[in-house]
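Colleague: Could we go through this structure together before I plan my reading of it? I would like to start with the helices.

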Amino acid sequence: MPSSVSADILSAASSGEAAPAGAAMRPRFPLLSMCLAMLLVGATAPLGEVALRGMALPQVLAVRLVLAWAVLRALSPGSGAVPRLEPRHWAVLALQALCGVVVFNACLWLGMEGGGAAAAGVFTSATPAVMVLLGVILFRERPGLRALGGVALCVAGVLAARNVFGVGPDSGAGWSPSGSDALLLAAVAGESVFLLALKWLPAWLTPLEAALRITMLGFFMVLPWALWTLDPSAALVAGPGAWLAVAALGVLVTAGGYVFWFRGVGSASASQAAVITGLMPVSAVFSSWLLSGAAPTAGQALGCLAVGLGIWLSAGK
C-alpha cells in the first residue's frame, strides 16, 4: 500500500474522522501480508526446538539476528534522503526489540520445556485478547461487534487447538496450567506490545528500515548474554539440522516476518491485527507436524477452522 494511503488511514483513526474514500477496500493486501507474517512467526517455537537441540538459547538468538540483519541489509535500497529518527522513535524501536526479540523468544523457548513446541505455540491464543485490550488502552479504539466476534472466535479456536474443551478421542489429554505458563504469558505480552508499537513510529519509516533497526538493537541486547554463556565447543558440534533451523529463524521468521507485518499493520486497526495473530498458534501446530511428524488432533483441526472464520469476520467488508 502506498505510504500516503497508510498515513491517511492512521491520521483518520487518530482524529476520529472517516478514512478517505476507497481506503477501506485497500487494506486487503496489507491484511494478507500480515497473515503471511504470522504464519512465519508461528514457526518460532518448533524451529527453536530443533535449533536448541544443538545450540544454547543466547547463541541461537544472536546468530539468528545477525542472519536477519544481513538479509534485511541486502534488501535495503541504501541510505536515501530521509528524515532522521528522533530519540522517541529510537525508544519505540528499542521497546520493540526488547519485547518482540528478547522477551518473546526467550520466554517462549524456555516456557515450551513444560509442554513441547506445539503446546507453547498454541498458548499464544491469549495474544488476540491482549492486543484488543492494549488497542483500547493505548489507542482508544472501540472495536465493533464484528471485530469482537472475530476475536472471540479466534480465542475459542486456539483454545480448542490446545484441547481445553476436550474435543475428539484425544479429550483425555487436555491442557492444565503449569509453572511454565508464566513464561508463556510473558512471551504473549511481549509479542503484543511489539506488534502494536509500530503505530508510534513515523509513517515515512519503511518496513525494511524499521526491521533493520530492530534486529540491530535486538542483537546488541542479546550479545552480552551470548558472550557470557558462550561455549565454542557446543557450537562446533551442533548438527546441520540445528544450523538449518537457526538459518530459517533468521531469514524467514525474523527478516520475513518483520517486513510482512510492518507492511500491513499501519493500515489495520488493533482489533484486526489482534485477530490475525491467531494464525500464530495454527502455524505452530502445523509446523510441529512437519518437523516432528505429530499429526494435528481433532481439537487442533477444529481450532484452525474457528481461527479462519474469526479472521474473515474481523477483516471487515
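Helix lengths and burial

Modeller: The 17 residues of α9 should span 24 Å at 1.5 Å a residue, and the end C-alpha atoms of α9 are 24 Å apart, which agrees. The expected span is 1.5 Å times one less than the number of residues in the helix. This is a predicted model, in which local features need pLDDT of at least 70 and side-chain atom pairs count only at pLDDT 80 or more, while totals for chains, interfaces and linings use all residues. Residues are numbered from 1 along each chain as its sequence is written, and side-chain values use heavy atoms, with hydrogens and water left out.

Colleague: Which residues of α9 are buried?

Modeller: They are Asp 181, Leu 184, Ala 187, Val 188, Gly 190, Glu 191, Ser 192, Phe 194, Leu 195, Leu 196 and Ala 197. Buried means under 20% relative accessible area, exposed means over 50%, and partly exposed lies in between, with a 1.4 Å probe and protein chains only.

Colleague: And how many helices and strands are there in the protein chain?

Modeller: The protein chain has 15 helices and zero strands. Both are DSSP runs numbered from the N terminus: helices are H or I with at least four residues, and strands are E with at least two. Of the 317 residues in the protein chain, 49% are buried.

Colleague: What about α5, and where does it bend?

Modeller: Helix α5 covers residues 87-111; its 25 residues should span 36 Å at 1.5 Å a residue, and its end C-alpha atoms are 34 Å apart, which agrees. The bend in α5 is about 30 degrees, at Val 103. That angle is taken between axes fitted to the seven residues ending at a residue and the seven starting there.

Colleague: Changing topic: how many aromatic pairs does the count come to?

Modeller: The count comes to five aromatic pairs. Rings of Phe, Tyr and Trp (its six-membered ring) pair if their centres lie within 6.5 Å; planes under 30 degrees apart are stacked, over 60 edge-to-face, and the rest tilted. One of the pairs is Phe 194 with Phe 262, which is tilted, at 6.0 Å centre to centre and 35 degrees between the planes. This pair links distant parts of the chain, since Phe 194 is in helix α9 (residues 181-197) and Phe 262 is in helix α12 (residues 240-265), 68 residues apart.

Colleague: Is Phe 262 buried or exposed?

Modeller: Phe 262 is buried, because its relative accessible area is 6%. Phe 194 also counts as buried, at 3%. Together with Tyr 258, Phe 194 and Phe 262 form one aromatic cluster.

Colleague: Now Thr 44, please. Which residues does it touch?

Modeller: Thr 44 is in helix α3 (residues 44-51) and counts as buried at 0% relative accessibility. Leaving aside residues up to four places away in sequence, Thr 44 touches Arg 64, Phe 104, Asn 105, Leu 108, Trp 109, Leu 249 and Val 253. A contact means heavy atoms within 4.5 Å. A polar atom of the Thr 44 side chain also lies 2.6 Å from the backbone oxygen of Val 41.

Colleague: And Leu 72, where is that found?

Modeller: Leu 72 is found in helix α4 (residues 57-75) and is buried, with a relative accessible area of 0%. Not counting residues up to four places away in sequence, Leu 72 touches Leu 208, Ala 211, Leu 212, Thr 215, Ala 255 and Val 259. Leu 72 and Thr 254 are 182 residues apart in sequence and 9.6 Å apart in space, C-alpha to C-alpha.

Technical notes. Polar contact = N/O pair within 3.5 Å; in protein donor to acceptor, adjacent residues only side chain to side chain.
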